[in-house]
Amino acid sequence: MAGCGDAETMIALLRRLFLRRLFLRRLGSQYLGSQSLGSTLAVVAVALGVALGLAVQLVHQLAIDEFSRGMRQFAGAADLQVVGGREGFDEALYLTLARDAELASTSPLLRVVARLPASLPTSLPERLPTENETLEVLGVDLFRLQQFDSPLLERHGLAQPAGQAGDQRFAGLLADRAYLSASARAMLRRLQGGDERLRLQVGLDTVELAVAGELPRIDRPLAVMDIAAAQQLFGRIGVLSQIDLRLADGVDLHRAQQRLAGLMPAGVSVREPEAMIAETAALTRAYRVNLSMLAMIALLTGGFLVFSTQLLSVSRRQREFALLRALGMTRRELLTGVLAEGGLIGVIGSLSGIVLAYVLTYAVLSVTGTDLGAGFFRAPLVSEGWAMFAVLPLAPWAIGLHFCFGLAAGLLGSWLPARAAARIVPAQGLKNTEVGLVLLPAWSARSGPHSGQYSQRRWTHPLSLLAILLPLIVLASLLPAWQGVPVGAYLAIALSLLLAVLCLPVLASVLLPALKGVKRLEWRLARRRLLAAPQQAVIAAAGIVVSVALAASMMIMVNSFRHSVDDWLAQLLPGDLYLRAANGSDSAFFDEADLARIAAVEGVTSVDTTRQLELRLSASEPRFTLLARAVEGNWGLPLLAGQRSFADGESLPLWLSEAGARRLQRGLGDELSLPLAGREQRFVIAGIWRDYGRQHGAALIRPQDYVALSGDRRINDVALRLEGDAKLGQLEARLAQLFGEGEVLIARPGEIRARSLEIFDRTFLITYLMEMLTIVIGLFGIATTFAVMIHARAAEFGMLRHLGFTRGELGRLIAFEGGLTAALGVGCGLGAGLGMAWILIARVNVQSFNWSMDFALPWTGLAVLGLAVIGLAAMIARVVAARLMAGGALQAVKADC
Amino acid sequence: MLELHAVGKVLPNSPPMPPRVLFDELDFALAAGECVAIIGESGSGKSSLLNCIAGLDRIDQGRIVLAGERIDALDDDRLALIRRHQLGFVFQAFHILPHLNVLDNVALPLWLLRVDQAAAAVEARAMLAAVGLGSRAEDAPHNLSGGELQRVAIARALAHRPQLVLADEPTGNLDPLHAAEVLDLLLAQVRVRQAACVLVTHSQRAAARADRVLELVDGRLRRC
């Protein structure tokens, strides 16, 4: 009971002396000074860090929830699923499985992503790249589907209840009609101006289906029709995409899966329905992890802001704390009190961040959908407007974790100020002399105004840390990825940030003496001050170091990536004009007759084709892209290793993308088997090429080899070379006329490059926003640290005013100190940013996305970033100084007496 | 050298309390090279008067004339220049910049006057020698005792040869032995440099060393 009473007393003490004050004076409206602003900004910074991190998780959770809900709507009660590549597999497998004694029921399915021929412009730049012009069409066997309790068959769904008029009972079996989900009907109304007829592109022709009814409880755009009708309509007779399996009673799932796997032809797998969800989550993991890491760095910068505002608060309350100590408060109680304040800032920041995360998620979903701007999830949202809040996931684990992150930022940010408060000597504190030095960390506080003796100490401390940290950074960056996440590389980035902050005093010791030549008095005093008190630079510029390092590394990485993508596109598209049957559609394609028509167009000198399809190499691997096209001519191949020509008459050549080579761990001269037409076909790797289009790998084979092995003569893309004097505009018009307005996509290589880079920039938009945010937080750090410094040195500035310093000269002195401090931060930040960029490019990107890129430094951007931060910091320091010193020099000097 | 004519200053108070009259119709004159001590009870307005003379605080009525120039109506920057050229300060709490060494602290007023650094160092060294700290020029301030720091402050106050030195409780932080030494030094150096001096102090003993002693009572100066 006594312990309980003690705890209550302690809590009451903390509440009265610390927390109440934090609420009323620092966060409330009673005191709208710099202290209030700093504390509020600290809360905001923590909230933003928590919100960004949590929002990434919420958006992803929602995407996965939607995906898995959609998947379950079709899988119904399936125990296992047989899945193949996007092109499907021979339906003979279905007959084998239907006779299997261990399977109670089987349900075949054909999935085709069909193009909706809308009146869209033909020219690529005029259309949005993600504009949904395709519709997923499922061909199902109604009678088989009934055995799987599929929601598709619910009331008002495909199976009409008994007693309906006879001509409607089997409407689902009719070849010329389809059932649409509500969102598919909405899409039809938007794209085709009505929802009574569904027009789909097959090859380059358009077919029409009647809309027979609406599918219940289906969230995404979807059309469902009879499987036989779908096979016929899309020219896929004898082909299935998936077979759902239900096991007979008493059959062991895993044993059955193992046995059935032996029956599967090449490129076809049998797996549990949930495997698809895991595969989809794995697709986005690298992108999510990278965004979450950015959010964590924002939170880290917020932690620095908590540190500087708490330091300011402790600095101002030094007399109060000295009095409390004189009255009998223990160091531990004082430490606990200041930590409790930091904890409260963390709690308020976390709670606000959690609310903000939901608002942010709503905003992100409204703008980019669930794909976070990266294009992983194409499905539009289920709900719109305020109703969207209802579908946002609760995610208690993610909320709990991010709450803890925010709390930790508050507590860790307050640790040093709390220790400084606990170290206050009552006698000195009451006199309030040397206020600044008392509060600074012990290792740096020892360094006084003179160089001699303690310059040795200044060097030793960071250098010994350098000797420890540098090898650790190298070792961590060399660690392999853990479950696809470059944990070692991220650890190396965190250590690099720490090293950069610790290098600040070293840089100050090296750089500041070199600036001795400047005669201006304010400059000389500012330089001497920083040289004598490098700890001020550490405290003030730590936030700048972190934010500049982050921004610089991202700038270098994004610039390198953009430069490499541009270069890759230039090599990939050497032709004059490119034609595509449809974006992301299985139903639209060119045939040989179309090709002949294109070749006959006046001005066309050569035509090269591409057939693109997705294969499944194993049950656990995501789909793998196969391209059948020439390696020279109107298509380019950005080779990293190997050669374009292949002389071995016995083996078939294959050029593997860099991502494919890394994922499959194959090199030049190795063999690779691909499932084509239900058989494993062996190829020899003749080259490794750079490919930024397909993260999970791609292989390129010669078109003649593909046709010989598969018999498939369909074509997705066509590249043209034109006569030297042919006018592109006229030729585009002729081609558009040939196929009909809006039927095919026609684009020049420059347009494709411009559009691709636009998509690239949009993908990194969220990254740019987070970078800017951390820089703003870093500048707040400068503002609050200078508020601490000016408050601590009020007497010094007051004395200078007595000696004849004008306000302007004092303002310039502080601006120089701010600018110099920021310059040191920018120097360390840029150095760390360069190292971090190398880690991002050579380790994180390779381990996360399996692709490499060339190192390209954005000199102008980095210079602008550095100068802007220095200029802003100088300006902020001066503004803060003007505000804080408005009271004049008298009180400052008098307060010290 | 310094003239105060009918100077008045009122301190605002929180309502309903009436404003407090700090000094009223205060007249005072100080000749070049003269040293006057101002004594008075705590809160009598001694330091405020010193601040008004230095142009760091504004008066509400009257005129202040320093070296023939009326300063009470000048703007802030002009007042700063007057302090830079004509005034020297000695504070109770020393106010030595911790990041400059002793020599640079003394040279600081000369730097403000844009004196060449080498010349400023020569002058500062001479001043330090005069206050008995010639051998401590390169030391850091934290290595000096309180008495030594105040001697540095005296050197700094006189380094640029001001016409008027304002000393606010210059011995307030020192023990009696050091206080006497420092006061002797201050007055001696002021006289050597032919500067005038206003010494604000609580100490009757210290005040007795001045040419004249005035007491600030009820807002008026009274000769003791």
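**Sheet, chains and helices**

Mentor: Let's begin with chain B, where four strands form an open sheet in the order β2-β1-β4-β5, with antiparallel pairing. Keep in mind that this is a predicted model.

Trainee: OK, which are the edge strands?
Mentor: Those are β2 (20-30) and β5 (69-70) of chain B, each of which pairs on one side only.

Trainee: And how many bridges are there between β1 and β4 of chain B?
Mentor: Five bridges, in the antiparallel sense, between β1 (residues 2-11) and β4 (residues 61-66) of chain B. To pick out one spot, L4(B) has I64(B) in β4(B) as its bridge partner.

Trainee: Which helix packs on that sheet?
Mentor: That's α1 (residues 46-53) of chain B, which touches β1, β2 and β4 of chain B. The direction of α1 in chain B makes about 125° with that of β1(B).

Trainee: Zooming out, what does the secondary structure of chain B come to?
Mentor: Seven helices and 10 strands. Chain B has a radius of gyration of 18 Å, close to the 17 Å from the globule rule for 224 residues, so it is as compact as a globular protein of that length. Its C-alpha atoms fill a box of roughly 55 × 35 × 35 Å along the principal axes.

Trainee: What share of chain B is buried?
Mentor: Buried residues are 50% of the 224 in chain B. As for contacts in chain B between residues at least 6 apart in sequence, 69% join residues at least 24 apart.

Trainee: Switching topic: how many residues of chain A are in contact with chain B?
Mentor: 24 residues of chain A, and they meet 28 residues of chain B.

Trainee: Which elements of chain A give two or more residues there?
Mentor: α20 (521-532), α28 (794-803), α29 and α31 (889-895) of chain A. The one giving the most is α28(A), with five residues. By class, the chain A side has 12 nonpolar, six polar and six charged residues.

Trainee: You mentioned α29 of chain A. How does α18 of chain A cross it?
Mentor: The axes of α18 (residues 487-502) and α29 (residues 807-849) of chain A come within 9 Å and cross at roughly 175°. That angle makes α18(A) roughly antiparallel to α29(A).

Trainee: Which residues make the contact?
Mentor: Among them are A489(A), A492(A) and I493(A) of α18(A), and G831(A), A832(A) and G835(A) of α29(A). By class, this contact has 10 nonpolar, five polar and one charged residues.

Key. Residues numbered from 1 in each chain as written. Chains lettered and ligands numbered in written order. Predicted model: local features only at pLDDT ≥ 70, side-chain atom pairs only at ≥ 80, totals over all residues. Axes fitted to C-alpha atoms, helices over the stretch in contact; angles between N-to-C directions. Parallel < 35°, antiparallel > 145°, perpendicular 65-115°, else oblique. Contact = placed C-beta atoms within 7 Å. Nonpolar A, V, L, I, M, F, W, Y, C, P; charged D, E, K, R; others polar. Pairing = 2+ DSSP bridges. Rg over C-alpha atoms; globule rule 2.2 N^0.38 Å. Buried ≥ 20, exposed ≤ 12 C-beta atoms within 10 Å, placed from the backbone.
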